Amino acid sequence: MSEAQPRLRAALSLGVTTLLVLGLVASQWLLGDSAQQMQFDARLAPPSLNHWLGTDALGRELWARTLAGLALSFWVGCLAALLSTLIALSLAALATLSPRLDALVSLVIDTLLSVPHLILLMLIAFALGGGTQAVIIAVAITHWPRLARVLRAELLQLRQAPYVLISQALGKSRWFVLHAHLLPHLIPHCLVGALLLFPHAILHEAALTFLGFGLSPSQPAIGVLLAEAMRYLSGGYWWLGVFPGLALLMMVLSFERLSNHLRRAL
Amino acid sequence: MRLTALIAKRLVRLALVLLCVALVSFGLMMASPIDPIDAYLGPQMAQVSPEQRALIAQRWGFDESAAIQFGHWLRQLVSGDLGWSHVYNQPVSEVIGQRFQRSIILLGSAWLLSALLGFSLGVAAGAKEGSKLDNAISTYAFITASTPAFWLAILAVLLFSVTLGWTPTCCAGPTGILSQEVTLLSRLHHLVLPVTTLALLGIATITLHTRARMLELMRSAVATHAFAQGASRLDVAWRHGLRHASLPAMTLAFASLGELFGGSILIEQVFAYPGLGQATVAAGLRSDVPLLLGIALFTALFVSVGNLIADSLYAVIDPRIQSGGL
């Protein structure tokens with residue numbers, strides 16, 4: 001089954017996901033601002049050949065808006081996952097320096113994990129006054145603890161590895177040991193960690209935006225689209241609610257698959 | 001004796017973590033660009049002179065430094081006063097109390113449902129790896145693990161409330177009726193869909209985890225030995241698997257309370273269910289700082305106690321750990 005050729009499968013799903021992402025980015029470049037163009041003669045039109053996924057209350061094409069929303073989610077998720085991984089890496093390195101720092105970092109981790117993610121996200125977004133930047137920072141700040149724990153354990157183990165001990169005994173500096181011996185080992189962990197964070201980051205961004213704490217309602221983010229759809233639910237305008245969420249689910253699933261395959265292959 | 005020492009140590013840790021939560025959330029509120037006086041006054045802001053503003057700031061203690069304000073707040077907190085919520089015009093403790101009563105029904109039943117269903121699905125899937133049942137259950141769990149909670153809720157409303165008309169679209173009872181007069185049946189009718197949606201999402205993690213534990217057991221020497229003695233798969237799953245997988249599942253169920261609460265915020269928002277989650281969103285959007293702080297602390301307590309139980313369950317239930325040292 002799936003254990004047969006993990007590397008091939010990983011390469012395949014990497015290829016598919018890359019193609020999808022490239023298509024997404026290219027579509028944003030090609031489409032321009034068609035996600036915001038209103039057609040007042042086609043308001044709330046159901047899906048048809050002219051309007052592929054239907055239109056919203058202002059006659060804007062839902063497919064264009066969904067694509068724009070996915071692209072937004074992608075960038076926000078990328079930045080947040082990258083930032084979060086950097087935080088995790090630096091705090092894990094910090095924690096292995098001394099027992100006191102270790103205790104401090106684990107207290108910070110416990111504190112962050114004890115508040116429900118969404119509430120913490122809301123508090124941080126509130127503190128930063130909302131907006132795209134606030135969402136990215138909030139998601140980055142809340143998602144690093146698990147990865148930091150993995151990296152810390154890995155670092156502690158690596159510190160005791162014979163080649164590191166020998167290198168230290170030969171009088172190499174801490175910095176040399178860190179970047180020549182330890183970091184190369186941590187890179188695959190960071191890569192997989194960031195990929196695992198990415199779907200969570202996207203989902204939390206959408207949730208935060210949906211509740212009204214995230215991206216501004218003028219942007220075609222998936223959370224905004226679904227919050228708008230809420231207002232038209234009882235009217236039976238089902239396409240407004242179904243398609244944006246489905247697109248988001250597809251993106252999350254493809255990244256989830258990719259990270260699973262990569263983890264097995266590496 | 002060792003157990004009590006362990007629990008005492010964890011309680012101290014819990015107090016420390018809660019203090020940190022208080023510090024962090026207070027710091028975040030102080031950093032917010034939203035002015036609490038503006039938020040309190042609302043549209044009346046224009047009618048208030050700078051002198052009156054200064055008076056309000058003085059009365060509320062905003063002219064003091066952040067550290068002194070934190071001290072004030074902490075002292076009030078210890079004496080049981082969480083402050084006044086201007087959105088609901090009630091003491092914060094009362095708002096949280098009332099709202100939590102409604103939320104706990106939703107959370108509790110969804111939690112029980114997801115734990116039981118998730119565990120049984122996980123056992124069923126893990127009992128025979130690669131079977132059709134296993135594939136179906138794994139795929140289901142894999143997909144729901146990545147589904148946005150609020151989207152699933154929207155789909156549920158679309159299908160069951162709008163299209164089929166089986167369940168009401170919103171709220172905890174029919175509109176226009178006093179909450180005391182809502183019958184139990186109608187209450188339940190309003191609860192069915194939110195509870196099911198919340199439970200469906202919670203199932204995934206427990207199922208995947210239980211399945212992994214079952215697979216581990218099925219490949220272990222214990223299972224091989226049992227099979228060699230002629231035991232059937234059902235026997236092994238029933239006699240060895242259940243025990244092997246139940247403890248981690250229970251731990252996971254308690255540890256996932258935070259996620260469950262996060263999901264309930266989104267689901268209460270979609271179903272307009274007047275619980276604690278909806279109050280959180282209202283507090284955040286309308287800058288009700290005391291209520292937001294109160295909810296942050298309350299949920300942190302809720303989640304931490306869940307984690308505490310999860311950690312202690314191992315020691316209480318599993319005799320191997322009790323004797324072998326943790």
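## A partly exposed leucine in chain A

A:L44 counts as partly exposed, because 15 C-beta neighbours fall inside 10 Å. The scale is simple: a residue is buried if 20 or more other C-beta atoms lie within 10 Å of its own, exposed if 12 or fewer, and partly exposed in between, with C-beta atoms placed from the backbone. A:L44 is not a glycine, yet its phi is positive, at about 50°. The residue sits in the loop between helix 1 (6-31) and helix 2 (62-95) of chain A. Helices (H or I, at least four residues) and strands (E, at least two) are DSSP runs, numbered from the N terminus.

## Basis of the model

This is a predicted model, in which local features need pLDDT of at least 70 and side-chain atom pairs count only at pLDDT 80 or more, while totals for chains, interfaces and linings use all residues. Residues are numbered from 1 along each chain as its sequence is written, and chains are lettered from A and ligands numbered from 1 in the order in which they are written.

## Chain A overall

Chain A has ten helices and zero strands. Its C-alpha trace spans about 80 × 45 × 30 Å along the principal axes. Of its 266 residues, 45% count as buried. Contacts in chain A with a separation of 6 or more come to 67% from residues 24 or more positions apart. Two residues are in contact if their C-beta atoms, placed from the backbone, lie within 7 Å.

UniProt, in an unreviewed entry, lists residues 70-259 of chain A as "domain: ABC transmembrane type-1". UniProt positions are given in the numbering used here, feature names are shortened, and annotations may be inferred rather than shown by experiment. In the model, this span is 84% helix and 0% strand. Its end C-alpha atoms lie 19 Å apart.

## Where the chains meet

How many residues of chain B are in contact with chain A? The count is 43 residues of chain B, against 39 residues of chain A. Five helices of chain B each supply at least two residues of the side that touches chain A: helix 1 (2-31), helix 7 (149-163), helix 11 (257-271), helix 12 (276-285) and helix 13 (289-317). By class, this side of chain B has 29 nonpolar, 14 polar and no charged residues. Ala, Val, Leu, Ile, Met, Phe, Trp, Tyr, Cys and Pro count as nonpolar, Asp, Glu, Lys and Arg as charged, and the others, Gly among them, as polar.

## Two domains in chain B

Chain B is assigned domain 1 (2-91) and domain 2 (93-317). The bounds come from an automatic or database domain assignment. Taken over C-alpha atoms, the centres of domain 1 and domain 2 of chain B are 32 Å apart.

Contacts join 24 residues of domain 1 of chain B to 22 residues of domain 2 of chain B. On the domain 1 side, helix 1, helix 2 (36-41), strand 1 (84-85) and strand 2 (90-91) of chain B each supply at least two residues. Helix 1 of chain B gives the largest share of that side, twelve residues. The side divides into 18 nonpolar, five polar and one charged.

## Helix packing in chain B

Helix 5 (residues 92-127) and helix 8 (residues 184-218) of chain B pack at an angle of about 35°, with their axes 5 Å apart. Axes are lines fitted to C-alpha atoms, for helices over the stretch in contact, and angles run from 0 to 180 degrees between N-to-C directions. The crossing of helix 5 and helix 8 of chain B is right-handed. A crossing is left-handed if the near helix is turned anticlockwise from the far one by less than a right angle, and right-handed if clockwise. The contact between helix 5 and helix 8 of chain B has 22 nonpolar, nine polar and two charged residues.

Helix 7 and helix 11 of chain B cross at roughly 30°, and their axes come within 9 Å. This crossing is right-handed. From helix 7 of chain B, B:A149, B:F150, B:A153, B:I154 and B:V157 meet B:G263, B:L266, B:I267, B:Q269, B:V270 and B:F271 in helix 11 of chain B. The contact has nine nonpolar, two polar and no charged residues.

## Two residues of chain B

B:S287 lies in the loop between helix 12 and helix 13 of chain B. B:S287 is not a glycine, but has a positive phi of about 55°. Is B:S287 buried or exposed? B:S287 counts as buried, because 20 C-beta neighbours fall inside 10 Å.

B:F142 belongs to helix 6 (residues 132-145) of chain B. B:F142 is partly exposed, because 16 other C-beta atoms lie within 10 Å. B:F142 and B:A204 are 62 residues apart in sequence, and their C-alpha atoms are 6.9 Å apart in space.
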